[in-house]
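Hi everyone, thanks for making the time.

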Amino acid sequence: MKHIIIEEISKSYGNNEVLKNLNLEIDKGSFVTFLGPNACGKTTLLNIVSGLIKHDSGSVAINNKKPIKVGYVYQNSHKTLFPWKKVIDNIAFPLELEGLSKLKRYKKVREFLEKFEIVLPLDIYPYQLSGGQQRMVAIARSLINKPDILIMDEPFDGLDYKTRINTQNKILEMWLKLRPTILFVSHSIDEIILLSQKIVLFGKEKGNILKIIENNLPYLRNYQLMADKSFIEINKNILETFIRKEETK
């Protein structure tokens, strides 16, 4: 089932045309990643889909039987945590907006963390956490009310290698159990191949899509997969697409 249908989307900021006549269809419950150079329109597209900004022309249709819920994990998501709220209240904030009582909010938070074996100190403030813990609080907050769509814009940027791997694995586990439609931006080719089902390669000019690559590697995935012939072929395909584009300029 097609969940998000994007047709002829264009967006400009003043004289700077960021997206032009972009078309894309995304299946419900799929994990889609976006890769491309800086300022090629990736974040702009995510913000249009989430409803944060308006497009100039074209249409975005989201097939949903009920009002849509969107979770968003920003590049500096740890900075979006409320410093005056304890960890448990940060995670529970979407439930608070839905009108749940404190008792029910806290129960849902604890059940969620237990389900995914996430260990976090709940009765302290975000500044008292490590960077990896802060990132996990932001991710848990984005998923606590079971969104239909989860948008992740370079969510692991700045994490050390070990923490990044652990967080990637946790995201995959959450996605496989909850099955939101995930739109994910990263500059790491290995990360994109490890996580996604579909890889969308953006060109520099006006947010044009260069290629869409179907990634059929089996889940669960781990870094041992990087030595697999299929993994290497996808990596090669991505690099060759960008290199050919540069050579044709």
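This is a predicted model: local features need pLDDT of at least 70, side-chain atom pairs count only at pLDDT 80 or more; totals for chains, interfaces and linings use all residues.

**A cavity, a sheet and a helix**

The largest cavity holds about 40 Å³ of space. Which residues line the largest cavity? They are Gln 168, Asn 169, Leu 172, Leu 194, Leu 195, Arg 221, Asn 222 and Tyr 223. By type, that lining divides into 4 nonpolar, 3 polar and 1 charged. Helix H6 (161-178) and helix H7 (189-195) each supply at least two of the lining residues, and the largest share, 3 residues, comes from H6.

Now over to the sheet. Here 3 strands form an open sheet, ordered S2-S1-S4, with antiparallel pairing. Strand S2 (16-27) and strand S4 (57-62) are at the edges with a single partner strand each, so one side of each has no neighbour in the sheet. On average, neighbouring strands are turned by 15° against each other, direction ignored. Strand S1 (residues 2-13) and S4 run antiparallel and are joined by 5 bridges; in one of the bridges, Ile 5 has Ala 61 in S4 as its partner.

Packed on this sheet is helix H1 (residues 42-50), which touches S1, S2 and S4. The direction of H1 makes about 120° with that of S1. Is H1 largely enclosed or left open? Of its 9 residues, 8 are buried, so H1 is largely enclosed by the rest of the structure. Among the buried ones are Leu 45, Leu 46, Ile 48 and Val 49, and also Lys 42. Just after H1 comes Gly 51, with a positive phi of about 90°.

How values were computed. Residues are numbered from 1 along each chain as its sequence is written. Side-chain values use heavy atoms; hydrogens and water are left out. Two strands pair if DSSP finds at least two bridges between them. Helices (H or I, at least four residues) and strands (E, at least two) are DSSP runs, numbered from the N terminus. Axes are lines fitted to C-alpha atoms, for helices over the stretch in contact, and angles run from 0 to 180 degrees between N-to-C directions. Contact means heavy atoms within 4.5 Å. Buried means under 20% relative accessible area, exposed over 50%, partly exposed in between (1.4 Å probe, protein chains only). On a 1 Å grid over the protein atoms alone, a cavity is a set of points where a 1.4 Å probe fits but cannot get out, and a pocket is an open set with protein on both sides within 12 Å along at least five of seven lines; lining residues have an atom within 4 Å of a point. Grid points are joined across faces, edges and corners, and a volume is the space filled by probe spheres set on the points. Ala, Val, Leu, Ile, Met, Phe, Trp, Tyr, Cys and Pro count as nonpolar, Asp, Glu, Lys and Arg as charged, and the others, Gly among them, as polar.
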